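Biologist: I'm new to this one. Could you walk me through how to read it?

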Amino acid sequence: MEFEKIVVKILKNVIVDLSEKEINDLIEIPSNPEMGDFAFPCFKLAKIFRKAPNMIASEVGEKIGPSEYFSNIKIIGAYINFYVNKKKYVESVLTNQKLDEKLDIGKGKTIVLDYSSPNIAKPFHIGHLRTTIIGNALYNIHDHLGYKCVGINHLGDWGTQFGKLIVAYKLWGSKEEIEKNGINELTKIYVKFHEEAENKPELDDEARAWFTKMENGDKEALDLWQWFKDISLKEFNRIYKMLDINFDSFAGESFYNDKMDAIIKELENKGLIEISEGAKIVDLEEDKMPPCLITKKDGSTLYATRDITAAIYRKKTYDFEKCIYVTALDQNLHFAQWFKVIDKMGYEWHDKLIHVPYGLVSMESGKLSTRKGKVIYLEELLNESIEKTKKIIEDKNPDLDDKENVAKTVGIGAILFNDLYNNRIKDVVFSWDKVLNFEGETGPYVQYTYARASSVLRKANYSNSDEKVDYELLTDDLAFNVVKTLQRFQGVVADAAEKLEPSFVSRYVVDLAQAFNRFYHNCPIITDDKDLRDARLSLVSEVRVIIKKALKLLGIKAPEQM
Ligand code: ARG
(Lines give C-alpha, C1' and ligand atoms only; values in the text may rest on other atoms or scores of the structure.)
Protein backbone atom coordinates (compact mmCIF):
# COMPACT_ATOMS: atom_id res chain seq x y z
CA MET A 1 0.00 0.00 0.00
CA GLU A 2 1.11 3.55 -0.62
CA PHE A 3 2.46 5.31 2.42
CA GLU A 4 0.22 8.32 2.14
CA LYS A 5 -2.79 6.01 2.35
CA ILE A 6 -1.34 4.38 5.46
CA VAL A 7 -0.96 7.79 7.09
CA VAL A 8 -4.60 8.53 6.27
CA LYS A 9 -5.74 5.22 7.77
CA ILE A 10 -3.78 5.78 10.97
CA LEU A 11 -5.18 9.29 11.37
CA LYS A 12 -8.71 8.25 10.51
CA ASN A 13 -8.63 5.74 13.38
CA VAL A 14 -8.02 8.50 15.88
CA ILE A 15 -9.90 11.41 14.26
CA VAL A 16 -13.33 10.01 13.55
CA ASP A 17 -14.87 13.39 12.76
CA LEU A 18 -13.00 13.82 9.49
CA SER A 19 -13.45 11.79 6.33
CA GLU A 20 -10.49 10.04 4.73
CA LYS A 21 -10.61 12.56 1.91
CA GLU A 22 -10.53 15.52 4.30
CA ILE A 23 -7.57 14.01 6.10
CA ASN A 24 -5.81 13.27 2.86
CA ASP A 25 -6.22 16.85 1.65
CA LEU A 26 -4.61 18.19 4.81
CA ILE A 27 -1.49 16.02 4.67
CA GLU A 28 1.68 17.85 3.71
CA ILE A 29 5.07 16.70 2.52
CA PRO A 30 7.61 18.71 4.55
CA SER A 31 10.39 20.20 2.49
CA ASN A 32 12.80 19.83 5.41
CA PRO A 33 13.51 16.12 6.00
CA GLU A 34 14.01 16.84 9.70
CA MET A 35 10.29 17.38 9.88
CA GLY A 36 9.62 13.87 8.67
CA ASP A 37 8.23 12.50 5.45
CA PHE A 38 4.58 13.41 6.01
CA ALA A 39 3.09 16.04 8.27
CA PHE A 40 -0.45 16.54 9.48
CA PRO A 41 -1.20 20.12 10.55
CA CYS A 42 -3.94 20.55 13.15
CA PHE A 43 -4.81 24.22 12.54
CA LYS A 44 -8.00 23.46 10.64
CA LEU A 45 -9.18 21.18 13.45
CA ALA A 46 -9.17 23.99 15.98
CA LYS A 47 -12.69 25.05 14.96
CA ILE A 48 -14.14 21.55 15.21
CA PHE A 49 -12.57 20.67 18.57
CA ARG A 50 -12.56 24.21 19.98
CA LYS A 51 -9.03 23.79 21.21
CA ALA A 52 -5.64 25.22 20.38
CA PRO A 53 -4.02 23.44 17.42
CA ASN A 54 -0.99 22.22 19.39
CA MET A 55 -3.25 20.81 22.09
CA ILE A 56 -5.09 18.87 19.43
CA ALA A 57 -1.82 17.68 17.91
CA SER A 58 -0.60 16.27 21.22
CA GLU A 59 -3.94 14.71 22.15
CA VAL A 60 -4.39 13.06 18.76
CA GLY A 61 -0.71 12.12 18.62
CA GLU A 62 -0.87 10.32 21.97
CA LYS A 63 -3.59 8.05 20.69
CA ILE A 64 -1.49 6.86 17.76
CA GLY A 65 0.30 3.63 18.57
CA PRO A 66 3.56 2.44 16.98
CA SER A 67 3.41 1.20 13.39
CA GLU A 68 5.80 -1.04 11.51
CA TYR A 69 5.63 1.45 8.61
CA PHE A 70 7.02 4.34 10.61
CA SER A 71 10.22 4.60 12.57
CA ASN A 72 8.83 7.54 14.49
CA ILE A 73 5.67 9.61 14.84
CA LYS A 74 6.39 12.87 16.58
CA ILE A 75 4.40 15.90 17.69
CA ILE A 76 6.08 19.16 16.73
CA GLY A 77 3.99 22.19 17.66
CA ALA A 78 0.68 21.92 15.87
CA TYR A 79 1.91 19.16 13.58
CA ILE A 80 1.95 15.40 13.77
CA ASN A 81 5.04 14.33 11.86
CA PHE A 82 5.52 10.89 10.37
CA TYR A 83 8.99 9.44 9.77
CA VAL A 84 8.80 6.47 7.47
CA ASN A 85 10.51 3.18 7.97
CA LYS A 86 12.94 3.79 5.15
CA LYS A 87 13.45 0.22 4.11
CA LYS A 88 9.73 -0.41 3.84
CA TYR A 89 9.25 2.86 2.02
CA VAL A 90 11.93 2.14 -0.57
CA GLU A 91 10.50 -1.30 -1.12
CA SER A 92 6.98 0.00 -1.56
CA VAL A 93 8.09 2.59 -4.14
CA LEU A 94 10.42 0.38 -6.15
CA THR A 95 8.04 -2.55 -6.31
CA ASN A 96 5.02 -0.38 -7.12
CA GLN A 97 3.81 -1.35 -10.57
CA LYS A 98 1.96 1.93 -10.79
CA LEU A 99 5.04 4.15 -10.50
CA ASP A 100 4.80 5.18 -14.14
CA GLU A 101 1.70 3.42 -15.46
CA LYS A 102 -1.24 5.17 -17.04
CA LEU A 103 -3.79 6.22 -14.42
CA ASP A 104 -7.56 6.06 -14.58
CA ILE A 105 -8.45 9.49 -13.21
CA GLY A 106 -9.94 10.46 -16.58
CA LYS A 107 -11.56 7.18 -17.45
CA GLY A 108 -14.64 7.59 -19.63
CA LYS A 109 -14.09 11.33 -20.11
CA THR A 110 -13.00 13.18 -23.22
CA ILE A 111 -10.74 16.20 -23.46
CA VAL A 112 -10.67 18.17 -26.69
CA LEU A 113 -7.46 20.13 -27.27
CA ASP A 114 -7.24 22.85 -29.90
CA TYR A 115 -3.59 23.71 -30.50
CA SER A 116 -1.00 24.71 -33.08
CA SER A 117 -3.73 25.93 -35.48
CA PRO A 118 -1.49 28.09 -37.71
CA ASN A 119 -2.89 30.35 -40.39
CA ILE A 120 -2.32 28.93 -43.85
CA ALA A 121 -0.27 30.91 -46.34
CA LYS A 122 1.72 32.41 -43.47
CA PRO A 123 5.06 31.17 -42.19
CA PHE A 124 5.16 28.89 -39.19
CA HIS A 125 7.14 30.95 -36.72
CA ILE A 126 8.47 30.59 -33.22
CA GLY A 127 5.18 31.75 -31.64
CA HIS A 128 3.40 28.77 -33.17
CA LEU A 129 5.98 26.51 -31.63
CA ARG A 130 4.63 27.30 -28.18
CA THR A 131 1.00 26.45 -28.89
CA THR A 132 2.13 23.33 -30.72
CA ILE A 133 4.27 21.90 -27.97
CA ILE A 134 2.28 23.11 -24.97
CA GLY A 135 -0.82 21.64 -26.61
CA ASN A 136 0.96 18.41 -27.43
CA ALA A 137 2.28 18.10 -23.86
CA LEU A 138 -1.18 18.73 -22.41
CA TYR A 139 -2.52 16.07 -24.73
CA ASN A 140 0.05 13.53 -23.53
CA ILE A 141 -0.47 14.46 -19.90
CA HIS A 142 -4.24 13.96 -20.09
CA ASP A 143 -3.76 10.77 -22.04
CA HIS A 144 -1.52 9.50 -19.25
CA LEU A 145 -4.29 10.21 -16.75
CA GLY A 146 -6.66 8.02 -18.75
CA TYR A 147 -8.70 10.67 -20.57
CA LYS A 148 -9.65 10.11 -24.16
CA CYS A 149 -8.00 13.00 -25.98
CA VAL A 150 -8.91 14.60 -29.28
CA GLY A 151 -6.21 16.86 -30.71
CA ILE A 152 -7.58 19.35 -33.20
CA ASN A 153 -5.56 21.55 -35.50
CA HIS A 154 -8.03 24.39 -36.04
CA LEU A 155 -6.23 25.66 -39.13
CA GLY A 156 -6.71 29.32 -39.93
CA ASP A 157 -7.92 28.53 -43.42
CA TRP A 158 -10.88 30.86 -43.85
CA GLY A 159 -11.40 34.59 -43.78
CA THR A 160 -11.09 37.78 -45.83
CA GLN A 161 -7.31 37.39 -46.04
CA PHE A 162 -7.81 34.66 -48.64
CA GLY A 163 -9.78 37.07 -50.80
CA LYS A 164 -6.72 39.33 -50.64
CA LEU A 165 -4.42 36.50 -51.54
CA ILE A 166 -6.51 35.59 -54.57
CA VAL A 167 -6.39 39.20 -55.80
CA ALA A 168 -2.65 39.33 -55.18
CA TYR A 169 -2.13 36.09 -57.03
CA LYS A 170 -4.15 37.25 -60.02
CA LEU A 171 -2.20 40.49 -60.21
CA TRP A 172 1.36 39.46 -59.41
CA GLY A 173 1.53 35.75 -58.72
CA SER A 174 3.49 33.16 -60.63
CA LYS A 175 2.50 29.53 -60.44
CA GLU A 176 6.09 28.33 -60.81
CA GLU A 177 7.44 30.61 -58.11
CA ILE A 178 4.75 29.50 -55.69
CA GLU A 179 5.32 25.83 -56.37
CA LYS A 180 9.02 26.41 -55.88
CA ASN A 181 9.06 28.71 -52.85
CA GLY A 182 5.77 27.83 -51.19
CA ILE A 183 4.63 29.94 -48.26
CA ASN A 184 7.49 32.41 -48.70
CA GLU A 185 6.18 33.36 -52.12
CA LEU A 186 2.59 33.55 -50.89
CA THR A 187 3.72 35.84 -48.09
CA LYS A 188 5.57 38.01 -50.56
CA ILE A 189 2.53 38.70 -52.74
CA TYR A 190 0.33 39.09 -49.66
CA VAL A 191 2.66 41.80 -48.32
CA LYS A 192 2.62 43.48 -51.73
CA PHE A 193 -1.18 43.51 -51.63
CA HIS A 194 -1.11 45.53 -48.40
CA GLU A 195 1.44 47.96 -49.76
CA GLU A 196 -0.54 48.57 -52.93
CA ALA A 197 -3.92 48.71 -51.20
CA GLU A 198 -2.76 51.73 -49.21
CA ASN A 199 -3.14 53.86 -52.32
CA LYS A 200 -5.73 51.75 -54.13
CA PRO A 201 -8.62 51.02 -51.77
CA GLU A 202 -10.53 49.36 -54.62
CA LEU A 203 -8.19 46.39 -54.13
CA ASP A 204 -9.83 45.81 -50.77
CA ASP A 205 -13.25 45.79 -52.39
CA GLU A 206 -12.07 43.21 -54.87
CA ALA A 207 -10.66 41.10 -52.07
CA ARG A 208 -13.94 41.22 -50.19
CA ALA A 209 -15.77 40.20 -53.35
CA TRP A 210 -13.48 37.19 -53.75
CA PHE A 211 -14.02 36.11 -50.19
CA THR A 212 -17.77 36.37 -50.71
CA LYS A 213 -17.33 34.14 -53.75
CA MET A 214 -15.49 31.67 -51.56
CA GLU A 215 -18.28 31.71 -49.03
CA ASN A 216 -20.79 31.15 -51.84
CA GLY A 217 -18.92 28.13 -53.17
CA ASP A 218 -17.48 29.65 -56.37
CA LYS A 219 -15.31 27.02 -58.02
CA GLU A 220 -12.44 29.20 -59.22
CA ALA A 221 -12.11 30.86 -55.84
CA LEU A 222 -12.21 27.56 -53.98
CA ASP A 223 -9.73 25.88 -56.30
CA LEU A 224 -7.20 28.62 -55.70
CA TRP A 225 -7.83 28.55 -51.98
CA GLN A 226 -7.41 24.77 -51.89
CA TRP A 227 -4.11 25.11 -53.70
CA PHE A 228 -2.83 27.68 -51.18
CA LYS A 229 -3.92 25.34 -48.45
CA ASP A 230 -2.18 22.28 -49.92
CA ILE A 231 1.03 24.20 -50.30
CA SER A 232 0.86 25.43 -46.72
CA LEU A 233 0.02 22.03 -45.28
CA LYS A 234 2.96 20.47 -47.03
CA GLU A 235 5.27 22.84 -45.14
CA PHE A 236 3.45 22.52 -41.83
CA ASN A 237 3.53 18.75 -42.05
CA ARG A 238 7.27 18.82 -42.57
CA ILE A 239 7.61 20.67 -39.27
CA TYR A 240 5.14 18.40 -37.44
CA LYS A 241 7.15 15.47 -38.65
CA MET A 242 10.38 16.97 -37.32
CA LEU A 243 8.69 17.52 -33.98
CA ASP A 244 6.95 14.15 -34.15
CA ILE A 245 3.57 15.70 -33.46
CA ASN A 246 0.26 14.30 -34.69
CA PHE A 247 -3.33 15.50 -34.65
CA ASP A 248 -6.56 13.57 -34.58
CA SER A 249 -8.29 16.16 -36.72
CA PHE A 250 -7.38 18.95 -39.11
CA ALA A 251 -10.87 20.41 -39.12
CA GLY A 252 -9.91 24.07 -39.52
CA GLU A 253 -12.02 27.19 -39.78
CA SER A 254 -13.29 26.31 -43.25
CA PHE A 255 -14.80 23.10 -41.89
CA TYR A 256 -17.55 25.19 -40.31
CA ASN A 257 -18.67 26.95 -43.49
CA ASP A 258 -21.88 25.07 -43.93
CA LYS A 259 -22.56 25.06 -40.21
CA MET A 260 -22.52 28.76 -39.43
CA ASP A 261 -25.90 29.74 -40.90
CA ALA A 262 -27.74 27.57 -38.42
CA ILE A 263 -25.80 29.08 -35.53
CA ILE A 264 -26.48 32.64 -36.69
CA LYS A 265 -30.18 31.75 -36.86
CA GLU A 266 -30.00 30.26 -33.40
CA LEU A 267 -28.43 33.48 -32.09
CA GLU A 268 -31.22 35.47 -33.74
CA ASN A 269 -33.95 33.19 -32.38
CA LYS A 270 -32.50 33.53 -28.91
CA GLY A 271 -32.75 37.30 -29.28
CA LEU A 272 -29.02 37.86 -28.94
CA ILE A 273 -28.29 39.57 -32.27
CA GLU A 274 -28.31 43.32 -32.71
CA ILE A 275 -27.66 45.17 -35.93
CA SER A 276 -24.98 47.81 -35.74
CA GLU A 277 -24.09 49.69 -38.91
CA GLY A 278 -25.25 46.73 -40.94
CA ALA A 279 -23.18 44.23 -38.98
CA LYS A 280 -24.65 41.54 -36.73
CA ILE A 281 -23.24 41.69 -33.24
CA VAL A 282 -23.86 40.28 -29.78
CA ASP A 283 -23.78 43.12 -27.31
CA LEU A 284 -21.58 42.42 -24.29
CA GLU A 285 -21.79 45.77 -22.57
CA GLU A 286 -23.23 44.35 -19.36
CA ASP A 287 -20.25 41.99 -19.33
CA LYS A 288 -17.89 44.94 -19.73
CA MET A 289 -16.55 43.77 -23.06
CA PRO A 290 -16.74 45.14 -26.59
CA PRO A 291 -19.44 43.47 -28.74
CA CYS A 292 -18.75 40.12 -30.37
CA LEU A 293 -18.93 40.51 -34.14
CA ILE A 294 -20.90 37.72 -35.85
CA THR A 295 -21.18 38.94 -39.44
CA LYS A 296 -19.83 42.03 -41.20
CA LYS A 297 -22.11 44.33 -43.12
CA ASP A 298 -21.38 42.45 -46.35
CA GLY A 299 -22.58 39.29 -44.65
CA SER A 300 -19.19 37.63 -44.29
CA THR A 301 -18.46 35.66 -41.14
CA LEU A 302 -15.62 36.17 -38.68
CA TYR A 303 -13.09 34.31 -36.55
CA ALA A 304 -15.50 34.36 -33.58
CA THR A 305 -18.42 33.08 -35.68
CA ARG A 306 -16.35 30.06 -36.57
CA ASP A 307 -15.18 29.50 -33.01
CA ILE A 308 -18.74 29.59 -31.66
CA THR A 309 -19.89 27.18 -34.34
CA ALA A 310 -16.91 24.89 -33.76
CA ALA A 311 -17.50 24.72 -30.00
CA ILE A 312 -21.13 23.69 -30.44
CA TYR A 313 -20.13 21.14 -33.06
CA ARG A 314 -17.42 19.72 -30.80
CA LYS A 315 -19.72 19.45 -27.83
CA LYS A 316 -22.19 17.46 -29.94
CA THR A 317 -19.52 15.32 -31.56
CA TYR A 318 -17.25 14.57 -28.61
CA ASP A 319 -19.28 15.45 -25.52
CA PHE A 320 -16.12 16.81 -23.97
CA GLU A 321 -15.34 17.17 -20.29
CA LYS A 322 -13.15 20.14 -21.22
CA CYS A 323 -12.34 21.86 -24.47
CA ILE A 324 -8.93 23.49 -24.20
CA TYR A 325 -7.63 26.26 -26.46
CA VAL A 326 -3.91 26.95 -26.44
CA THR A 327 -3.04 30.37 -27.89
CA ALA A 328 -0.92 33.42 -27.16
CA LEU A 329 -2.06 35.69 -24.36
CA ASP A 330 -3.11 38.42 -26.79
CA GLN A 331 -6.19 36.41 -27.77
CA ASN A 332 -7.61 36.64 -24.23
CA LEU A 333 -10.36 39.06 -25.17
CA HIS A 334 -11.42 37.05 -28.21
CA PHE A 335 -11.96 33.95 -26.10
CA ALA A 336 -13.59 35.79 -23.22
CA GLN A 337 -16.06 37.33 -25.68
CA TRP A 338 -17.21 34.25 -27.47
CA PHE A 339 -17.20 32.09 -24.33
CA LYS A 340 -19.67 34.66 -23.01
CA VAL A 341 -21.79 34.33 -26.14
CA ILE A 342 -21.99 30.55 -25.58
CA ASP A 343 -23.07 31.28 -22.01
CA LYS A 344 -25.75 33.72 -23.20
CA MET A 345 -27.03 31.09 -25.64
CA GLY A 346 -27.92 29.08 -22.56
CA TYR A 347 -25.33 26.34 -22.89
CA GLU A 348 -24.51 25.31 -19.36
CA TRP A 349 -21.27 23.75 -20.56
CA HIS A 350 -19.78 27.19 -21.30
CA ASP A 351 -17.52 26.77 -18.28
CA LYS A 352 -15.94 23.70 -19.85
CA LEU A 353 -14.35 25.89 -22.49
CA ILE A 354 -10.90 26.79 -21.27
CA HIS A 355 -8.46 29.23 -22.76
CA VAL A 356 -4.85 28.33 -21.98
CA PRO A 357 -2.77 31.41 -22.81
CA TYR A 358 1.00 31.60 -23.00
CA GLY A 359 3.63 34.35 -23.11
CA LEU A 360 5.79 35.51 -25.98
CA VAL A 361 9.16 34.26 -27.12
CA SER A 362 11.75 36.90 -27.73
CA MET A 363 15.29 36.57 -28.93
CA GLU A 364 18.34 37.61 -27.03
CA SER A 365 19.33 40.45 -29.32
CA GLY A 366 21.59 39.76 -32.25
CA LYS A 367 22.21 36.16 -31.33
CA LEU A 368 19.94 34.43 -33.78
CA SER A 369 20.75 34.32 -37.43
CA THR A 370 17.60 34.62 -39.50
CA ARG A 371 17.07 35.80 -42.99
CA LYS A 372 14.48 38.44 -42.34
CA GLY A 373 15.23 39.57 -38.85
CA LYS A 374 11.71 39.92 -37.56
CA VAL A 375 9.98 36.62 -38.03
CA ILE A 376 11.86 33.66 -36.73
CA TYR A 377 11.16 30.71 -38.95
CA LEU A 378 10.84 27.63 -36.90
CA GLU A 379 12.37 25.24 -39.34
CA GLU A 380 15.54 27.33 -39.50
CA LEU A 381 15.70 27.48 -35.76
CA LEU A 382 15.39 23.71 -35.39
CA ASN A 383 18.03 23.08 -38.04
CA GLU A 384 20.37 25.56 -36.43
CA SER A 385 19.92 23.82 -33.11
CA ILE A 386 20.66 20.42 -34.64
CA GLU A 387 23.86 21.79 -36.25
CA LYS A 388 25.07 23.40 -33.05
CA THR A 389 24.32 20.26 -31.07
CA LYS A 390 26.25 18.17 -33.52
CA LYS A 391 29.34 20.32 -32.96
CA ILE A 392 29.03 19.99 -29.20
CA ILE A 393 28.59 16.24 -29.38
CA GLU A 394 31.51 15.78 -31.76
CA ASP A 395 33.59 17.63 -29.25
CA LYS A 396 32.39 15.78 -26.16
CA ASN A 397 32.08 12.30 -27.56
CA PRO A 398 33.90 11.87 -30.87
CA ASP A 399 33.41 8.10 -30.95
CA LEU A 400 29.65 8.19 -30.60
CA ASP A 401 27.70 6.10 -33.13
CA ASP A 402 24.90 7.67 -35.10
CA LYS A 403 25.79 11.28 -34.32
CA GLU A 404 23.22 12.55 -36.83
CA ASN A 405 20.28 11.07 -35.02
CA VAL A 406 21.54 11.95 -31.58
CA ALA A 407 22.05 15.55 -32.73
CA LYS A 408 18.46 15.61 -33.97
CA THR A 409 17.05 14.19 -30.77
CA VAL A 410 19.07 16.52 -28.56
CA GLY A 411 18.90 19.62 -30.77
CA ILE A 412 15.13 19.49 -31.09
CA GLY A 413 14.65 18.33 -27.51
CA ALA A 414 16.66 21.33 -26.29
CA ILE A 415 14.35 23.82 -28.01
CA LEU A 416 11.23 22.09 -26.76
CA PHE A 417 12.47 21.77 -23.21
CA ASN A 418 13.46 25.43 -23.07
CA ASP A 419 9.97 26.36 -24.16
CA LEU A 420 8.28 24.12 -21.61
CA TYR A 421 10.50 24.89 -18.63
CA ASN A 422 8.91 28.05 -17.31
CA ASN A 423 5.29 28.75 -16.40
CA ARG A 424 3.60 29.04 -19.74
CA ILE A 425 2.32 32.53 -19.06
CA LYS A 426 5.86 33.88 -18.71
CA ASP A 427 7.64 35.31 -21.70
CA VAL A 428 10.58 33.23 -22.86
CA VAL A 429 13.87 34.83 -23.79
CA PHE A 430 15.63 32.58 -26.20
CA SER A 431 19.37 32.27 -25.79
CA TRP A 432 21.52 29.56 -27.34
CA ASP A 433 23.89 29.51 -24.38
CA LYS A 434 21.03 28.59 -22.13
CA VAL A 435 19.17 26.25 -24.45
CA LEU A 436 22.18 24.10 -25.25
CA ASN A 437 23.87 24.14 -21.87
CA PHE A 438 24.54 20.53 -20.95
CA GLU A 439 24.89 21.41 -17.28
CA GLY A 440 21.94 23.74 -16.71
CA GLU A 441 18.29 23.05 -16.15
CA THR A 442 17.90 22.05 -19.76
CA GLY A 443 16.80 19.37 -22.16
CA PRO A 444 20.36 18.26 -22.95
CA TYR A 445 21.09 17.94 -19.22
CA VAL A 446 18.11 15.66 -18.66
CA GLN A 447 18.78 13.67 -21.81
CA TYR A 448 22.41 13.31 -20.81
CA THR A 449 21.35 11.98 -17.44
CA TYR A 450 19.10 9.50 -19.18
CA ALA A 451 21.91 8.34 -21.47
CA ARG A 452 24.18 8.00 -18.43
CA ALA A 453 21.65 5.79 -16.61
CA SER A 454 21.21 3.70 -19.74
CA SER A 455 24.93 3.29 -20.13
CA VAL A 456 25.42 2.14 -16.53
CA LEU A 457 22.73 -0.50 -16.99
CA ARG A 458 24.26 -1.63 -20.27
CA LYS A 459 27.70 -1.93 -18.74
CA ALA A 460 26.33 -3.97 -15.86
CA ASN A 461 24.28 -6.19 -18.18
CA TYR A 462 21.32 -5.38 -16.00
CA SER A 463 18.03 -7.10 -16.59
CA ASN A 464 14.89 -6.21 -14.70
CA SER A 465 14.17 -9.73 -13.56
CA ASP A 466 17.31 -9.72 -11.42
CA GLU A 467 17.26 -11.33 -8.02
CA LYS A 468 15.69 -9.96 -4.90
CA VAL A 469 16.96 -6.62 -3.75
CA ASP A 470 17.90 -5.72 -0.20
CA TYR A 471 16.12 -2.39 0.05
CA GLU A 472 17.92 -1.53 3.28
CA LEU A 473 20.89 -0.71 1.03
CA LEU A 474 19.00 2.21 -0.52
CA THR A 475 18.17 4.01 2.70
CA ASP A 476 21.17 6.36 2.78
CA ASP A 477 20.28 10.02 2.22
CA LEU A 478 21.22 10.26 -1.45
CA ALA A 479 19.51 7.08 -2.60
CA PHE A 480 16.51 7.74 -0.40
CA ASN A 481 16.11 11.19 -1.89
CA VAL A 482 16.02 9.65 -5.37
CA VAL A 483 13.34 7.20 -4.23
CA LYS A 484 11.24 9.99 -2.77
CA THR A 485 11.54 11.94 -6.00
CA LEU A 486 10.46 8.93 -8.04
CA GLN A 487 7.41 8.57 -5.84
CA ARG A 488 6.29 12.12 -6.70
CA PHE A 489 5.94 11.47 -10.42
CA GLN A 490 2.27 10.54 -10.75
CA GLY A 491 1.14 13.35 -8.46
CA VAL A 492 3.12 15.85 -10.50
CA VAL A 493 1.44 14.71 -13.72
CA ALA A 494 -1.99 15.00 -12.11
CA ASP A 495 -1.17 18.53 -10.88
CA ALA A 496 0.13 19.48 -14.33
CA ALA A 497 -3.22 18.48 -15.82
CA GLU A 498 -5.21 20.29 -13.17
CA LYS A 499 -3.28 23.54 -13.63
CA LEU A 500 -2.79 22.94 -17.38
CA GLU A 501 0.89 23.53 -16.78
CA PRO A 502 3.41 21.25 -18.53
CA SER A 503 6.23 23.07 -16.74
CA PHE A 504 5.40 21.04 -13.61
CA VAL A 505 6.63 17.99 -15.47
CA SER A 506 9.73 19.65 -16.90
CA ARG A 507 10.70 21.03 -13.48
CA TYR A 508 10.10 17.65 -11.94
CA VAL A 509 12.31 15.83 -14.40
CA VAL A 510 15.14 18.29 -13.68
CA ASP A 511 14.70 17.58 -9.95
CA LEU A 512 14.88 13.87 -10.64
CA ALA A 513 17.96 14.22 -12.84
CA GLN A 514 19.69 16.33 -10.18
CA ALA A 515 18.82 13.91 -7.38
CA PHE A 516 20.06 11.05 -9.50
CA ASN A 517 23.32 12.77 -10.42
CA ARG A 518 24.10 13.52 -6.77
CA PHE A 519 23.58 9.85 -6.03
CA TYR A 520 25.57 8.75 -9.07
CA HIS A 521 28.58 10.93 -8.26
CA ASN A 522 28.77 9.87 -4.62
CA CYS A 523 27.67 6.26 -4.67
CA PRO A 524 29.67 3.97 -6.95
CA ILE A 525 27.19 1.71 -8.68
CA ILE A 526 29.19 -1.04 -10.28
CA THR A 527 30.95 -2.17 -7.09
CA ASP A 528 32.30 -5.56 -6.05
CA ASP A 529 29.69 -5.85 -3.35
CA LYS A 530 27.07 -7.73 -5.34
CA ASP A 531 24.11 -6.94 -3.08
CA LEU A 532 24.91 -3.26 -3.09
CA ARG A 533 25.39 -3.27 -6.83
CA ASP A 534 22.05 -5.01 -7.43
CA ALA A 535 20.24 -2.61 -5.16
CA ARG A 536 21.77 0.47 -6.79
CA LEU A 537 21.15 -0.87 -10.28
CA SER A 538 17.50 -1.40 -9.51
CA LEU A 539 17.28 2.27 -8.54
CA VAL A 540 19.09 3.39 -11.69
CA SER A 541 16.70 1.32 -13.76
CA GLU A 542 13.65 2.96 -12.21
CA VAL A 543 15.10 6.45 -12.70
CA ARG A 544 15.70 5.65 -16.33
CA VAL A 545 12.08 4.58 -16.81
CA ILE A 546 10.66 7.69 -15.19
CA ILE A 547 12.94 10.16 -16.99
CA LYS A 548 11.96 8.58 -20.29
CA LYS A 549 8.27 8.74 -19.41
CA ALA A 550 8.44 12.36 -18.23
CA LEU A 551 10.28 13.43 -21.39
CA LYS A 552 7.77 11.55 -23.49
CA LEU A 553 4.92 13.46 -21.88
CA LEU A 554 6.72 16.64 -22.92
CA GLY A 555 7.09 15.36 -26.48
CA ILE A 556 10.84 14.84 -26.16
CA LYS A 557 12.80 11.72 -27.01
CA ALA A 558 15.40 10.08 -24.79
CA PRO A 559 18.68 8.99 -26.43
CA GLU A 560 20.33 5.78 -25.24
CA GLN A 561 23.76 7.33 -25.78
CA MET A 562 25.04 10.83 -26.34
N1 ARG B 1 -5.21 30.54 -36.21
C2 ARG B 1 -5.09 31.27 -34.99
C3 ARG B 1 -3.75 32.00 -34.96
O4 ARG B 1 -2.80 31.60 -35.61
C5 ARG B 1 -5.17 30.40 -33.76
C6 ARG B 1 -6.44 29.60 -33.64
C7 ARG B 1 -6.66 29.11 -32.24
N8 ARG B 1 -7.82 28.28 -32.09
C9 ARG B 1 -9.08 28.72 -32.12
N10 ARG B 1 -10.04 27.86 -32.03
N11 ARG B 1 -9.35 30.00 -32.17
O12 ARG B 1 -3.65 32.99 -34.26
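**A helix across a sheet**

Modeller: Start with helix 12 (residues 260-269), which lies across strand 6, strand 7 and strand 8 and runs at about 120° to strand 8. Helices (H or I, at least four residues) and strands (E, at least two) are DSSP runs, numbered from the N terminus. Axes are lines fitted to C-alpha atoms, for helices over the stretch in contact (C-beta atoms, placed from the backbone, within 7 Å), and angles run from 0 to 180 degrees between N-to-C directions. This is a predicted model, where local features need pLDDT of at least 70 and side-chain atom pairs count only at pLDDT 80 or more, while totals for chains, interfaces and linings use all residues. Residues are numbered from 1 along each chain as its sequence is written.

Biologist: In what order do the strands form the open sheet?

Modeller: Two strands pair if DSSP finds at least two bridges between them. Here the order is 6-7-8, with antiparallel pairing. Strand 6 (273-276) and strand 8 (292-295) each have a single partner strand, so one side of each lacks a neighbour in the sheet. Neighbouring strands are turned by 40° against each other on average, direction ignored. Strand 7 (residues 279-282) is joined to strand 8 by three bridges, and Ile 281 stands opposite Leu 293 in strand 8.

How values were computed
Two residues are in contact if their C-beta atoms, placed from the backbone, lie within 7 Å.
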